[in-house]
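User: I'm new to this one. Can you walk me through the charged pairs?
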Amino acid sequence: MGQFVDKKLMVFGSTPDFADNSRALWEYVTKNTDYDTFWVIQDRKMLEALREKGVACGLEGEETTELMIDRARFLITSSFQFADRKRPDQIHVAAWHGFPLKLIGFFDSAAADSDDFRLLKTITTQTDLITAPSRLSQLTLSGMFAVDPRKVKETGYPRNDMMFWSDGKEELKKLTDIDVETDKLIFYLPTMRKGLKDEGEQFENNIFNYPDYDADQIDQFLEANHAYIFAKVHFADNEFFKGENVKLPKRMIFLDTDILNKNFLTIYHVMNGFDALITDYSSVYVDFLLLDKPIIFSCPDLAKYQADRGFIVDDPKLLMPGPVVGTQDKLFEILGDILAGRDGFREVRKEKMAFFHRYQDADSSRRLLEEMEKADECGIADSGKDIGYSFMDVLSPLHQYVDKTRAEFFFDTGDGFCEESKTVVEYKAREGGQPVAFVLDIPDSCRAVRFDPDDDGRYGLRNLIVLLDGAPAEYEIIHGFKAEEDTFFNEKDPQIVIALGDKAYCKVRIEYESIDLHSEAGKIIWQMYRKAAAAGRETAKAVKRLSEISTSRSWKLTRPLRDAGQAVKKIRTKR
């Protein structure tokens, strides 16, 4: 992959395809800016349909698609897609997919196993912007993802913009033959039930999971009130509700992802066409709140869901601006009032609005784009990405928790240095002058060997020896420099490249003594070497003294070491 970045290119992705906040931001960008856009699509049918519409897109994993991801300045997704491969010269936007009423992120109840946390820390650190609709959401997301709250921005969700400008009833006419103008329409949107692990009751008997569920009675109630329920379950649960075991009322119109995709619609294109919402713990109620219409919380499994997954507050009802029901009879009672025009929670919705939305307008996409462009121009404060520098700080105790590193060997056999030709060795650097040594076989037809001594340049190399079949070899230092017998790296991705020429070699041996730049002595040595050239010969002598002291067994900041450091400081001050 090339490293050229096109500052006018945005690559989008979402799950499901062409949806959510990514979709809404894309619509704004294509209508109001001169950015080039490209969609990464997972479903081949959706890909073909989008291409017929003239949307620039490619199938995930294909070479052209991978090239576009690699070239884009901005990577936008509804979650953390692309974050694992994002480079420092790219900006990753987790436009996200909802206000978190239920626990997510680093809570034990939100993950399947401990490996999820390792991956999560990587991708949440890699991302540069996360959207939030309010201060409460900002604090909650930053806390549950353990990220710097400065990169969680109160822009509002772009997808909510669509509820302000889309004509929901006109869009619904594309999906149904019923009279959407005169009939009452209720939207039912339950949360995902079969995600990383099963959570709450699994709706194995009926779509509401009520103990008194009766599809025929629901039909009678809806017909008497000239109403229909449109049900859209989470895309991960689509297939289950299509099965024969679940009986649906005749006046319940089931919307699945395929139907919406076929018409290039999302639920946000049709949301304002409904008179009321029924949900459980889905964040969609926060979005629907902007329409100032009744919301019913259908939660027959509230206690079990709280025990399995949990909520951001001990009592989730505090954040539910609507009645909570657990039986079909109670649902009929509440729905009857709403369909008759009685809305007992209007003031409650108004009272709780500030918890959920800082803005109540159609400008979230514009605000997010402004934050993206600000990041492009000025960068983003993010303590997560600076954690390596925290480890390097002499005054920081964090280096105590990092006692291993990874060396990587790449062998160029004609395709350059690539992941397919990589060998990784995890090792613990030895202190006190004990050498580290690696001996590896060289593949046939190898043109060059690249040695990356560690992930982030933590170790300096003393008395570096590179041998090819036992004979000294020439090498090039990338992202570093040599100072007398020591080699240091002043950028990430440290490399030592050994060109083999036309000669065939069998083994490469690399040996050196480690200088731990996270230790007190090692950090000062590295700093002094960087300034030695500018400070003159006397500084070089002082640095030499520091270097000699550093090989002592204790590796402590001894008095001679402090004295040498003070001498260097005085020399720099005189200059």
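Analyst: Asp20 is buried, at a relative accessible area of 15%; buried means under 20%, exposed over 50% and partly exposed in between, with a 1.4 Å probe and protein chains only. This is a predicted model, where local features need pLDDT of at least 70, side-chain atom pairs count only at pLDDT 80 or more, and totals for chains, interfaces and linings use all residues. Residues are numbered from 1 along each chain as its sequence is written, and side-chain values use heavy atoms, leaving out hydrogens and water.

User: Which residue forms a salt bridge with Asp20?
Analyst: Arg159 does, with the closest N and O atoms 3.0 Å apart. A salt bridge here is a side-chain nitrogen of Lys or Arg within 4 Å of a carboxyl oxygen of Asp or Glu. The pair joins distant parts of the chain, 139 residues apart: Asp20 lies in helix α1 (residues 20-32) and Arg159 in helix α6 (residues 158-165). Helices (H or I, at least four residues) and strands (E, at least two) are DSSP runs numbered from the N terminus.

User: And is Arg159 buried or exposed?
Analyst: Buried, at 2% relative accessibility.

User: What about Glu419, what does it pair with?
Analyst: Glu419 forms a salt bridge with Lys422, the closest N and O atoms being 2.8 Å apart. Glu419 is exposed at 53% relative accessibility, while Lys422 is partly exposed at 24%.

User: How many salt bridges are there?
Analyst: The count is 40.

User: Which residues are linked in a network?
Analyst: Salt bridges link Lys86, Asp128, Lys151, Asp382 and Lys385 in a network.
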